[in-house]
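This report describes one protein chain for a reader who has not seen it before. Please look over the sequence and the model first.

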Amino acid sequence: MKKIVVLFIGVFLLSSISTYAYVDPANRKSKNSNSSITLKASTCTPATGRKYLEFNNVKTLIETGGIMWRNRSTGDADYEVPKGSGEFVIYAGSLWLGGTDANNQLKLAAMRYSGNDFWTGPLSYDENQPFDVSQGQLGYGPANITPQVCQEYDEFYITTRAEIETFNGWYE
């Protein structure tokens, strides 16, 4: 129970503090430091895919870039219940995915009200360039993606129950 409380407090503090480095797309380096850290998806444009979900008397906007329930272009809430009423019950939400690496270092991708932390498309790797395992990295080569692949995957994919049942049957 104590670990859950500590984790909750940590997530709350992380979501409350706005101390992230602004990254200048022109030189792809952090303006808050002299480091040479670059964005992995810096050659891709931010995701632009948007879709309204309309189920169970709810109408809400989601984006391929991780933002949910908020129209970023207008800054307005966009989770309407009941659908068509003009009543918006949730202002914003987003994906927060985190975990620890081989060295027990926290890695987190978390969307807030602006910026981009999620990019569309699969990352590639080069089997001929293994990571330095002594640095706690697993796998092979740098994870890369091209702007064309980002743009190709900047859309939503529908999965049906029948497709999931077929896959489960095949897997079992």
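## Elements and numbering

Helices (H or I, at least four residues) and strands (E, at least two) are DSSP runs, numbered from the N terminus. By this count the chain holds three helices and eleven strands. Their order from the N terminus on is α-β-β-β-β-β-β-β-β-β-β-β-α-α.

The model is predicted, so local features need pLDDT of at least 70 and side-chain atom pairs count only at pLDDT 80 or more, while totals for chains, interfaces and linings use all residues. Residues are numbered from 1 along each chain as its sequence is written, and side-chain values use heavy atoms, with hydrogens and water left out.

## Confidence

The predictor's confidence in each residue is its pLDDT, on a scale from 0 to 100. The chain has a mean pLDDT of 74, and 65% of its residues reach 70 or more. Over residues 4–38 the pLDDT is below 50. Beyond near neighbours in sequence, this stretch has 30 contacts in the model, a contact being heavy atoms within 4.5 Å. Where pLDDT is low, the predicted coordinates should not be read in detail.

## Burial and contacts of the chain

A residue is called buried when its relative accessible area is under 20%, exposed when it is over 50%, and partly exposed in between (1.4 Å probe, protein chains only). Of the 172 residues in the chain, 19% are buried. The chain exposes about 13,000 Å², and carbon and sulfur atoms supply 56% of that area. Accessible areas come from the Shrake-Rupley method with a 1.4 Å probe; for residues, only the protein chains shown count as cover.

Among contacts between residues at least 6 apart in sequence, 35% join residues at least 24 apart.

## The disulfide

The structure holds one disulfide, defined as a pair of cysteine sulfur atoms within 2.5 Å. Cysteine 44 and cysteine 150 form this link, with 2.0 Å from S to S. The link is right-handed, with 75° about the S-S bond. Cysteine 44 lies in the loop between β2 (29–30) and β3, and cysteine 150 in helix α2, so the pair ties together parts that are 106 residues apart in sequence.

Both ends are buried: cysteine 44 has a relative accessibility of 6%, and cysteine 150 has 3%.

## Aspartate 154

Which loop holds aspartate 154? The residue lies between α2 (147–152) and α3 (161–171). Leaving out residues up to four places away in sequence, aspartate 154 touches Pro46, Ala47, Thr48, Gly49, Thr64 and Thr120.

Aspartate 154 is buried yet has no salt bridge, that is, a side-chain nitrogen of Lys or Arg within 4 Å of a carboxyl oxygen of Asp or Glu. Arginine 72 is the nearest side chain of opposite charge, 9.1 Å away. In this count Lys and Arg are positive and Asp and Glu negative, whereas His and the chain ends are not counted.

## Backbone details in the loops

The peptide bond from valine 81 to proline 82 is cis, with omega near -15°. Proline 82 is in the loop between β8 (79–80) and β9 (93–94).

Asparagine 57 is not a glycine but has a positive phi of about 65°. This residue sits in the loop between β3 (50–55) and β4 (58–63) and is partly exposed, at 44% relative accessible area. Asparagine 104 also has a positive phi, near 65°. Asparagine 104 is in the loop between β10 (96–100) and β11 (106–110), and counts as exposed at 60% relative accessibility.
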